[in-house]
Amino acid sequence: MPKLGAEPIRRAALVKATIETVGEAGSLEVTVAQIARRAGMSSALAHHYFGSKEQIFLAAMRSILSLYGAEVRGALATARDPKTRLHAVVLGSFAAGSFRREVISAWLNFYVLAQTNAQARRLLHIYQRRLKSNLMVALRPLVGVRAPAVARGLGALIDGVYIRAALAEGAPDRAYATEIVMEYLDRELEETR
(Lines give C-alpha, C1' and ligand atoms only; values in the text may rest on other atoms or scores of the structure.)
Protein backbone atom coordinates (compact mmCIF):
# COMPACT_ATOMS: atom_id res chain seq x y z
CA MET A 1 0.00 0.00 0.00
CA PRO A 2 1.47 3.41 -0.94
CA LYS A 3 2.23 5.88 1.80
CA LEU A 4 -0.29 8.70 1.86
CA GLY A 5 1.31 12.09 1.22
CA ALA A 6 4.61 10.57 0.05
CA GLU A 7 4.26 11.61 -3.60
CA PRO A 8 4.95 15.36 -3.16
CA ILE A 9 7.92 14.57 -0.92
CA ARG A 10 9.32 12.07 -3.41
CA ARG A 11 8.76 14.41 -6.36
CA ALA A 12 10.58 17.20 -4.52
CA ALA A 13 13.44 14.82 -3.68
CA LEU A 14 13.73 13.84 -7.35
CA VAL A 15 13.74 17.48 -8.46
CA LYS A 16 16.46 18.32 -5.95
CA ALA A 17 18.47 15.24 -6.95
CA THR A 18 18.11 16.16 -10.64
CA ILE A 19 19.52 19.65 -10.06
CA GLU A 20 22.41 18.25 -8.02
CA THR A 21 23.16 15.39 -10.45
CA VAL A 22 23.06 17.60 -13.56
CA GLY A 23 25.13 20.21 -11.73
CA GLU A 24 27.75 17.64 -10.78
CA ALA A 25 27.88 16.15 -14.28
CA GLY A 26 27.68 19.52 -16.03
CA SER A 27 25.35 18.05 -18.63
CA LEU A 28 22.13 16.15 -19.17
CA GLU A 29 24.20 13.03 -19.79
CA VAL A 30 22.96 11.52 -16.55
CA THR A 31 20.61 8.61 -16.09
CA VAL A 32 17.32 8.37 -14.28
CA ALA A 33 18.98 5.68 -12.15
CA GLN A 34 21.67 8.16 -11.02
CA ILE A 35 19.03 10.75 -10.18
CA ALA A 36 16.83 8.23 -8.36
CA ARG A 37 19.79 6.81 -6.41
CA ARG A 38 20.70 10.31 -5.21
CA ALA A 39 17.05 10.84 -4.19
CA GLY A 40 17.08 7.53 -2.30
CA MET A 41 14.55 5.69 -4.44
CA SER A 42 14.33 3.30 -7.37
CA SER A 43 14.48 4.40 -10.99
CA ALA A 44 11.10 2.70 -11.49
CA LEU A 45 9.56 5.07 -8.94
CA ALA A 46 11.21 8.06 -10.66
CA HIS A 47 9.76 6.92 -14.00
CA HIS A 48 6.38 6.41 -12.31
CA TYR A 49 6.30 10.01 -11.08
CA PHE A 50 7.73 11.75 -14.15
CA GLY A 51 7.83 9.36 -17.09
CA SER A 52 11.23 10.32 -18.52
CA LYS A 53 14.49 12.04 -17.76
CA GLU A 54 13.40 15.07 -19.80
CA GLN A 55 10.22 15.38 -17.76
CA ILE A 56 12.20 15.17 -14.50
CA PHE A 57 14.56 17.86 -15.79
CA LEU A 58 11.66 20.08 -16.88
CA ALA A 59 10.15 19.71 -13.39
CA ALA A 60 13.54 20.74 -11.98
CA MET A 61 13.59 23.81 -14.22
CA ARG A 62 10.05 24.72 -13.17
CA SER A 63 11.26 24.55 -9.59
CA ILE A 64 14.30 26.72 -10.42
CA LEU A 65 12.07 29.23 -12.24
CA SER A 66 9.65 29.33 -9.30
CA LEU A 67 12.50 30.03 -6.89
CA TYR A 68 13.90 32.68 -9.24
CA GLY A 69 10.48 34.33 -9.50
CA ALA A 70 10.08 34.34 -5.72
CA GLU A 71 13.53 35.88 -5.27
CA VAL A 72 12.80 38.63 -7.79
CA ARG A 73 9.37 39.31 -6.26
CA GLY A 74 10.97 39.45 -2.82
CA ALA A 75 13.55 41.95 -4.02
CA LEU A 76 10.86 44.01 -5.79
CA ALA A 77 8.74 44.19 -2.63
CA THR A 78 11.03 46.88 -1.21
CA ALA A 79 11.51 48.83 -4.46
CA ARG A 80 10.07 52.34 -4.20
CA ASP A 81 10.97 53.88 -7.57
CA PRO A 82 12.00 52.77 -11.07
CA LYS A 83 15.73 52.77 -10.34
CA THR A 84 15.43 50.67 -7.17
CA ARG A 85 13.06 48.40 -9.09
CA LEU A 86 15.77 47.80 -11.71
CA HIS A 87 18.32 47.12 -9.01
CA ALA A 88 15.90 44.68 -7.38
CA VAL A 89 15.48 42.72 -10.62
CA VAL A 90 19.27 42.49 -11.01
CA LEU A 91 19.77 41.51 -7.36
CA GLY A 92 16.99 38.94 -7.64
CA SER A 93 18.63 37.48 -10.75
CA PHE A 94 21.78 36.76 -8.78
CA ALA A 95 20.20 35.83 -5.44
CA ALA A 96 21.75 33.04 -3.39
CA GLY A 97 19.12 30.44 -4.26
CA SER A 98 19.41 30.97 -8.01
CA PHE A 99 23.08 31.76 -8.52
CA ARG A 100 24.74 28.57 -7.27
CA ARG A 101 26.89 26.13 -9.22
CA GLU A 102 24.31 23.35 -9.71
CA VAL A 103 21.49 25.75 -10.66
CA ILE A 104 23.75 27.59 -13.10
CA SER A 105 24.66 24.26 -14.70
CA ALA A 106 20.97 23.40 -14.97
CA TRP A 107 20.33 26.75 -16.71
CA LEU A 108 23.08 26.10 -19.24
CA ASN A 109 21.60 22.69 -20.04
CA PHE A 110 18.12 24.22 -20.14
CA TYR A 111 19.21 26.64 -22.90
CA VAL A 112 20.51 23.67 -24.91
CA LEU A 113 17.37 21.57 -24.34
CA ALA A 114 15.14 24.49 -25.39
CA GLN A 115 16.60 24.24 -28.90
CA THR A 116 14.99 20.83 -29.43
CA ASN A 117 12.24 20.46 -26.81
CA ALA A 118 9.01 22.43 -27.19
CA GLN A 119 8.16 22.35 -23.47
CA ALA A 120 11.61 23.65 -22.54
CA ARG A 121 11.35 26.35 -25.22
CA ARG A 122 7.97 27.42 -23.83
CA LEU A 123 9.36 27.65 -20.27
CA LEU A 124 12.34 29.64 -21.54
CA HIS A 125 10.03 32.08 -23.37
CA ILE A 126 7.96 32.54 -20.20
CA TYR A 127 11.11 33.38 -18.23
CA GLN A 128 12.30 35.78 -20.96
CA ARG A 129 8.93 37.55 -21.16
CA ARG A 130 8.73 37.98 -17.38
CA LEU A 131 12.27 39.31 -17.20
CA LYS A 132 11.59 41.74 -20.06
CA SER A 133 8.31 42.85 -18.48
CA ASN A 134 9.95 43.52 -15.11
CA LEU A 135 12.73 45.48 -16.79
CA MET A 136 10.41 47.45 -19.07
CA VAL A 137 8.18 48.64 -16.21
CA ALA A 138 11.20 50.18 -14.52
CA LEU A 139 13.03 51.36 -17.65
CA ARG A 140 10.20 53.27 -19.38
CA PRO A 141 10.19 56.20 -16.93
CA LEU A 142 14.00 56.29 -16.91
CA VAL A 143 14.99 55.89 -20.57
CA GLY A 144 11.75 56.37 -22.50
CA VAL A 145 11.80 55.00 -26.05
CA ARG A 146 15.15 53.32 -25.42
CA ALA A 147 13.50 50.96 -22.90
CA PRO A 148 13.12 47.94 -25.27
CA ALA A 149 16.77 48.11 -26.38
CA VAL A 150 18.09 48.54 -22.84
CA ALA A 151 15.85 45.69 -21.59
CA ARG A 152 17.17 43.41 -24.36
CA GLY A 153 20.74 44.32 -23.41
CA LEU A 154 20.15 43.73 -19.71
CA GLY A 155 18.42 40.39 -20.35
CA ALA A 156 21.22 39.22 -22.63
CA LEU A 157 23.82 40.35 -20.10
CA ILE A 158 22.11 38.52 -17.22
CA ASP A 159 21.92 35.33 -19.30
CA GLY A 160 25.51 35.82 -20.44
CA VAL A 161 26.77 36.17 -16.88
CA TYR A 162 25.10 32.83 -16.08
CA ILE A 163 26.82 31.21 -19.06
CA ARG A 164 30.22 32.59 -18.02
CA ALA A 165 29.63 31.43 -14.45
CA ALA A 166 28.84 27.92 -15.75
CA LEU A 167 32.19 27.83 -17.53
CA ALA A 168 34.24 29.41 -14.72
CA GLU A 169 36.07 27.47 -12.06
CA GLY A 170 35.21 27.84 -8.41
CA ALA A 171 32.10 29.09 -6.71
CA PRO A 172 29.97 31.65 -8.55
CA ASP A 173 30.71 35.21 -7.43
CA ARG A 174 27.33 36.88 -6.88
CA ALA A 175 28.85 40.26 -6.06
CA TYR A 176 30.93 40.30 -9.24
CA ALA A 177 27.99 39.14 -11.37
CA THR A 178 25.79 41.90 -9.94
CA GLU A 179 28.54 44.48 -10.45
CA ILE A 180 28.93 43.62 -14.15
CA VAL A 181 25.22 44.10 -14.83
CA MET A 182 24.91 47.21 -12.65
CA GLU A 183 27.83 48.89 -14.47
CA TYR A 184 26.05 48.33 -17.80
CA LEU A 185 22.78 49.61 -16.34
CA ASP A 186 24.43 52.72 -14.90
CA ARG A 187 26.04 53.51 -18.29
CA GLU A 188 22.70 53.14 -20.04
CA LEU A 189 20.97 55.39 -17.51
CA GLU A 190 23.70 58.04 -17.84
CA GLU A 191 23.21 58.16 -21.62
CA THR A 192 19.63 59.28 -21.08
CA ARG A 193 20.51 62.22 -18.82
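Contact here means heavy atoms within 4.5 Å. The structure is a predicted model, in which local features need pLDDT of at least 70 and side-chain atom pairs count only at pLDDT 80 or more, while totals for chains, interfaces and linings use all residues. Residues are numbered from 1 along each chain as its sequence is written, and side-chain values use heavy atoms, with hydrogens and water left out.

Apart from neighbours within four places in sequence, Trp107 is in contact with Met61, Ile64, Leu65, Leu124, Tyr127 and Tyr162. Trp107 is also one of the residues, with Phe94, Leu139 and Leu154, that touch the most other members of the largest nonpolar core, which has 64 residues. Such a core is a set of buried Ala, Val, Leu, Ile, Met, Phe, Trp, Tyr and Cys residues joined through side-chain atoms within 4.5 Å; buried means under 20% relative accessible area with a 1.4 Å probe, protein chains only. Helix α4 gives the most to this core, with 11 residues. Helices are DSSP runs of H or I, at least four residues, numbered from the N terminus.

The axes of α6 and α7 (residues 118-143), lines fitted to C-alpha atoms over the stretch in contact with angles from 0 to 180 degrees between N-to-C directions, come within 8 Å and cross at roughly 115°. The residues that make this contact are as follows.

| Helix | Contact residues |
|---|---|
| α6 | Trp107, Phe110, Tyr111, Leu113 |
| α7 | Ala120, Leu123, Leu124, Tyr127 |

The buried residues of α1 pack against α2 (32-39), α3 (43-50), α4 (53-76) and α6 (101-113). Gly26, with a positive phi near 75°, follows α1.

Key:
Helices (H or I, at least four residues) and strands (E, at least two) are DSSP runs, numbered from the N terminus. Buried means under 20% relative accessible area, exposed over 50%, partly exposed in between (1.4 Å probe, protein chains only).
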